Amino acid sequence: MGRRKQVTGTLYLSRARLRGDASVKALVPLMFGDGGLARGGGQPGHSLIWSLFADDAERQRDFLWREMERGLFYVLSARRPEDRHGLFELSPPKVFAPDLVEGDRLGFSLRANPVVRRRNAARGRSVKHDVVMDALSSAGEGSWADLRNPIIQDRGFSWLRRQGERAGFDVAERSVRIDGYEQHRIGRRRAPTMAYSSLDYDGILTVTTPEVFVEAISRGFGAAKAYGCGLMLIRRYDAQRLSA
């Protein structure tokens, strides 16, 4: 269910808001427990968004999604979403086909799970590590409160810059805001079936290779894509409007 299918062809960008009427509100605790919808999506959002695309038990995931605020989702998909259960106010999907050239400047927003791979001798293979906790584990003296923000900015930006080198865009550190670091646990609190972290990126980027960049957006950035990470939202950058 969490596997990612290679996306080719037409892509659709959709906006889906969970309905606020009494019938849907009554279903939320039944679907997700007393905690309702967790911040950042996680398992509840994962299940909700799958309902828009789960037309076959063997279907592989061919979409990315992000919860922008409680109950409001943006979805990039290879198929048009279908609200078979009447849970959403679903706006008509728009074809995602940005007309870009080298040198275009775009505003962007991204919630990502930035990771690095470290060799694990016991397992005999490399293992993914959250970039922030990986840096903290090798840091010297200092408290979490003192080290947290510098590490988030340094390691978070380094990860984004590496993404850009492979994905056809460039970023300047002064043009990116990085915050919202949060750790998520899927499953039971004492024995989670999965754990991941997320960072929120907002800023300005420059397109260096348009075709590579658009393809990278369709694949998503970082890990934990099934849980609401990896979807980069872009917009035309209007310096005059933003500085007004």
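Reply: Let's begin with His184, whose place is in strand β9. This is a predicted model, in which local features need pLDDT of at least 70 and side-chain atom pairs count only at pLDDT 80 or more, while totals for chains, interfaces and linings use all residues. Residues are numbered from 1 along each chain as its sequence is written, and side-chain values use heavy atoms, with hydrogens and water left out.

Me: Why is His184 called buried?

Reply: Buried means under 20% relative accessible area, exposed means over 50%, and partly exposed is in between (with a 1.4 Å probe and protein chains only). His184 has a relative accessible area of 9%, so it counts as buried.

Me: What does the side chain of His184 make a polar contact with?

Reply: Its partner is the side chain of Ser198, at 2.8 Å. A polar contact is a pair of N or O atoms within 3.5 Å; within protein, one must be able to donate a hydrogen and the other to accept it, and residues adjacent in sequence count only if both atoms are side-chain atoms.

Me: How many salt bridges does a search of the whole structure find?

Reply: The search finds 10. One of them joins Arg177 and Asp202, with 3.6 Å from N to O. Arg177 in β9 and Asp202 in β10 are 25 residues apart, so this pair links distant parts of the chain. Salt bridges that share partners also join Arg177, Asp179 and Asp202 into one network.

Me: How do you know whether Arg19 is buried, partly exposed or exposed?

Reply: Arg19 has 27% relative accessibility, which makes it partly exposed. Its salt-bridge partner is Asp21, with the closest N and O atoms 2.6 Å apart. Asp21 is partly exposed as well, at 28%.

Me: Which faces does strand β1 have?

Reply: β1 (residues 12–18) has a covered face of Tyr12, Ser14, Ala16 and Leu18, while Leu13, Arg15 and Arg17 form the uncovered one. In a regular strand the side chains alternate between the two faces of the sheet.

Me: What makes β1 and β3 a pair?

Reply: Two strands pair if DSSP finds at least two bridges between them. Six bridges join β1 to β3 (residues 72–77), and the two run antiparallel. In this pairing Ala16 stands opposite Phe73. β1 also pairs in the antiparallel sense with β4 (residues 88–90), over three bridges, where Arg17 stands opposite Glu89.

Me: What volume does the largest pocket have, and what makes it a pocket?

Reply: Its volume is about 300 Å³. On a 1 Å grid over the protein atoms alone, a cavity is a set of points where a 1.4 Å probe fits but cannot get out, whereas a pocket is an open set with protein on both sides within 12 Å along at least five of seven lines; lining residues have an atom within 4 Å of a point. Of the 18 lining residues, the closest to the centre are Leu13, Phe96, Leu233, Ile234 and Arg235. The largest share, five residues, comes from β11.

Me: Which kinds of residue make up the lining of the largest pocket?

Reply: They divide into 15 nonpolar, one polar and two charged. Ala, Val, Leu, Ile, Met, Phe, Trp, Tyr, Cys and Pro count as nonpolar, Asp, Glu, Lys and Arg as charged, and the others, Gly among them, as polar.

Note on methods: Helices (H or I, at least four residues) and strands (E, at least two) are DSSP runs, numbered from the N terminus. Grid points are joined across faces, edges and corners, and a volume is the space filled by probe spheres set on the points. A salt bridge is a side-chain nitrogen of Lys or Arg within 4 Å of a carboxyl oxygen of Asp or Glu.
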